[in-house]
Structures are given as structure tokens and as C-alpha cells.
Amino acid sequence: MDAVRLIAATRRALALSVAVPDIMAAAWQAQALAGAVGSHLAVSGPAAARAEALGLSEAGSRACGPRHHPALCPRGIRAAQLSKIEDPRRALDDLGALLGEVGVALVGIAVTAEDETLYWQCMETIDAVDETGERVAAILRTLSLRERGSVA
């Protein structure tokens, strides 16, 4: 399945999430998806962005949560369905937007958390999502430079 469709499905799941476990599961799904997009681009993406894509893959593997969490979608990790990235720029733009939305949702949980463990789990996931978003932005900058002919 194309990355853009998987990202859209994850954004919808996050938007529909109300309960904390569902929001956390959506955050983990987003991180796993970022890792899968990074891995895919590191292997078959534009040559100029492959090294940064590997960094995205590594960043995406952080804060993915338990693979068998009950709040994960019934089919498991959505990222496992990734088979292609037809439009890398659009996929990265959409992934960056998703990660921003995840960060906002996690801040909402953290500021109202009465449980210290949940608070710190949110903070660690926010840090991971922020790093992942920075990696996405770096790849987009590289692609922009390449498109303008500045990078071979």
C-alpha cells in the first residue's frame, strides 16, 4: 500500500481517538510508519536523501510502543502494509503534518496526566516524535535543494 494512504489512515485514526490508549497507539503507529518510510527511502528513494532517510528509519523506531498493544489497529502495525512510495515529497509532507498532530495530541495528554508514568511516557514519545519530524524536514530540504539543482 502507498505511504500516502497509510499516513492518511493514521491521521484519521488519530483524529477519531479520544481515549488516552487510542491516542498513544496512534502515536506509536505514526512512529512505526515514519520508520518504514525512512527504510523504504533509504533503499529506493532519491540517492541524495538516502543517508538522511536511514536516520529517519532509526528515529522512527523509537517510541513505537508494544507491538501487541490492545489499542493498536486490528491488523497490527499499519507500517507493515507499506509497499511503495509513489510521491516521496507528498508522503514526507503528509508524514510531517501527522507527526505535528501527534505531538499536539501528546502534549494534551501530558498536561492533564495525573499518573506520573503516563506523563513521562508522553514526554519520551514527544521527544521521539519531535526528532522524527526534524528528520522528515531534513529530507524535504535535501529534496528541495536537489530539485533546484544545487545537489547532484
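Reader: In which direction, left-handed or right-handed, does helix 1 pass helix 4?
Author: In this predicted model, helix 1 passes helix 4 in a left-handed crossing. A crossing is left-handed if the near helix is turned anticlockwise from the far one by less than a right angle, and right-handed if clockwise. Helices are DSSP runs of H or I with at least four residues, strands are runs of E with at least two, and both are numbered from the N terminus.

Reader: What angle do the axes cross at, and within what distance do they come?
Author: The axes of helix 1 (residues 3-16) and helix 4 (residues 88-112) cross at roughly 15° and come within 9 Å. Axes are lines fitted to C-alpha atoms, for helices over the stretch in contact, with angles from 0 to 180 degrees between N-to-C directions. Helix 1 and helix 4 are therefore roughly parallel to each other (under 35 degrees; over 145 is roughly antiparallel, 65 to 115 roughly perpendicular, the rest oblique).

Reader: Which residues make the contact?
Author: Helix 1 contributes A3, V4, I7, T10, R11 and L14, and helix 4 contributes R90, A91, D94, L95, A97, L98, E101, V102 and A105. Contact means heavy atoms within 4.5 Å.

Reader: A new topic: how many aromatic pairs are there?
Author: The count comes to 1 aromatic pair, where rings of Phe, Tyr and Trp (its six-membered ring) pair if their centres lie within 6.5 Å. The ring centres of Y119 and W120 are 5.0 Å apart and their planes stand at 80°, so this pair is edge-to-face (over 60 degrees; under 30 is stacked, the rest tilted).

Reader: What about T132, buried or exposed?
Author: T132 is buried, with a relative accessible area of 0%. T132 lies in helix 5 (residues 116-147) and touches Q31, A34, L56, A59, G60 and L99, leaving aside residues up to four places away in sequence.

Reader: How many helices and strands does the chain have?
Author: The protein chain has 5 helices and 0 strands. Of its 152 residues, 45% count as buried.

Reader: What rules lie behind these values?
Author: Residues are numbered from 1 along each chain as its sequence is written, and side-chain values use heavy atoms, without hydrogens and water. Local features need pLDDT of at least 70 and side-chain atom pairs count only at pLDDT 80 or more, while totals for chains, interfaces and linings use all residues.

Notes:
Buried means under 20% relative accessible area, exposed over 50%, partly exposed in between (1.4 Å probe, protein chains only).
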